[in-house]
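Open the model in your viewer and keep the selection tool ready. We will go stop by stop, picking a spot and then looking around it.

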Amino acid sequence: FGINVLKSTLFVSPDGNDTENNGSENSPYATISKAIAEFSDITVQNQINLLGNITQPEEIVISEPNANITINGSTSNGNNFGFTGNISSNGNLAIKDCTVNGSVKTSGMLTVYGKTSVTGGITFETDGLFIIYDPAENPLENVAQIIFAEGTNYKKGCDILKPQDGKALTQEDCNRFTLASDRYVIKVRDDGSAGYITMSGGSLYPEIEKDITFTLNKLCNSFH
């Protein structure tokens, strides 16, 4: 009889092979999509460990709402790896110590740990979503821009950032995320329970302000 080995921890390497390898550390896959497809049970806690910087040719799609997947870029020898490509997730996705040279679109739960950055931004595709954030050790200064998909109803006062495991957020944590509109920023709540959308506090329309100033100066000068 054959023995079915449950696959919940898989490895991906730039030297891997999606056809011939089995996803173990000594026989890694070449793409993150292959690892996701090979998990024995997508709903249990699954982890993909990167053994180098990966180029993902097609969009990574996590379609199962009950999926639980962590993409981990840190290794035991202290290296941090990432990947080039885009992710679309409906499930529970965590990104740990990983540079994503692409975008992340989510309609599920998203957790960001430690030295993680998403150069193409994080897009919320449905209402009521937020990022769970744990800065861990030596977090990066800039994590990601948060973008709201067309038709979503995010406005001033909405919580969009929450701490991992009941910890408290700081304003410094919130500053690591930006919003697509410079009219708004993320501010930490007094008890550290969340980061919420608020007005930037600066001039909302600097070009209009300049026009008004110029017009007033012209008016004032006309009276001399």
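**Stop 1: a strand residue.** Select T111, which is found in strand β11. Strands are DSSP runs of E of at least two residues, helices are DSSP runs of H or I of at least four residues, and both are numbered from the N terminus. Is T111 buried or exposed? T111 is buried, with a relative accessible area of 5%. Buried means under 20% relative accessible area, exposed means over 50%, and partly exposed lies in between, using a 1.4 Å probe and protein chains only. Now show what surrounds T111. Leaving aside neighbours within four places in sequence, T111 is in contact with L93, A94, I95, I132 and Q164. Contact means heavy atoms within 4.5 Å.

Before moving on, note what you are looking at. This is a predicted model, in which local features need pLDDT of at least 70, side-chain atom pairs count only at pLDDT 80 or more, and totals for chains, interfaces and linings use all residues. Residues are numbered from 1 along each chain as its sequence is written, and side-chain values use heavy atoms, with hydrogens and water left out.

**Stop 2: the whole chain.** Zoom out and colour by secondary structure. The chain has three helices and 18 strands. How many of the 224 residues, in percent, count as buried? The share is 41%. Look also at contacts between residues at least 6 apart in sequence: 48% of them join residues at least 24 apart.

**Stop 3: the open sheet.** Select nine strands in the order β1-β2-β5-β8-β11-β13-β15-β18-β17. They form an open sheet with mixed pairing. Two strands pair if DSSP finds at least two bridges between them. Which strands are at the edges? They are β1 (9-12) and β17 (184-188), and each pairs on one side only. Neighbouring strands of this sheet are turned by 25 degrees against each other on average, direction ignored. In a regular strand the side chains alternate between the two faces of the sheet.

**Stop 4: parallel pairs.** Step through the sheet pair by pair.

- Strand β5 (residues 68-72) and strand β8 (residues 92-96) are parallel and share five bridges. Here T70 stands opposite A94 in β8.
- Next, β8 runs parallel to strand β11 (residues 109-113), again with five bridges. The bridge partner of K96 in β11 is Y113.
- Further along, three bridges join the parallel strands β13 (residues 131-134) and β15 (residues 159-163). Find Y133, which stands opposite P163 in β15.

Stop 5: Select T9, which lies in strand β1. T9 is partly exposed, with a relative accessible area of 42%. Its contacts, not counting residues up to four places away in sequence, are G23, F39, Q47 and N49. Draw a distance from T9 to F39. They are 30 residues apart in sequence and 8.0 Å apart in space, C-alpha to C-alpha.

**Stop 6: the nonpolar core.** Select I48, L50, I71, F83, V104 and I131. Of the 44 residues in the largest nonpolar core, these touch the most other members. Such a core is a set of buried Ala, Val, Leu, Ile, Met, Phe, Trp, Tyr and Cys residues joined through side-chain atoms within 4.5 Å. Centre on I131. Residues that I131 touches include L110, V112, F124, I160 and F177, not counting residues up to four places away in sequence.

**Stop 7: salt bridges.** Side chains of opposite charge can pair when their charged atoms come close. A salt bridge is a side-chain nitrogen of Lys or Arg within 4 Å of a carboxyl oxygen of Asp or Glu. The whole structure holds five of them.

Start with E38 and K34, whose closest N and O atoms are 3.0 Å apart. They sit four residues apart in helix α1 (residues 32-38), so about one helical turn separates them.

Then select D159 and R189, which meet in a salt bridge at 2.9 Å, N to O. D159 lies in strand β15 and R189 in the loop between β17 and β18 (195-199), so the pair ties together parts that are 30 residues apart in sequence.

Finish at D173 and R176, with closest N and O atoms 2.7 Å apart. Both D173 and R176 are buried.

Key: Axes fitted to C-alpha atoms, helices over the stretch in contact; angles between N-to-C directions.
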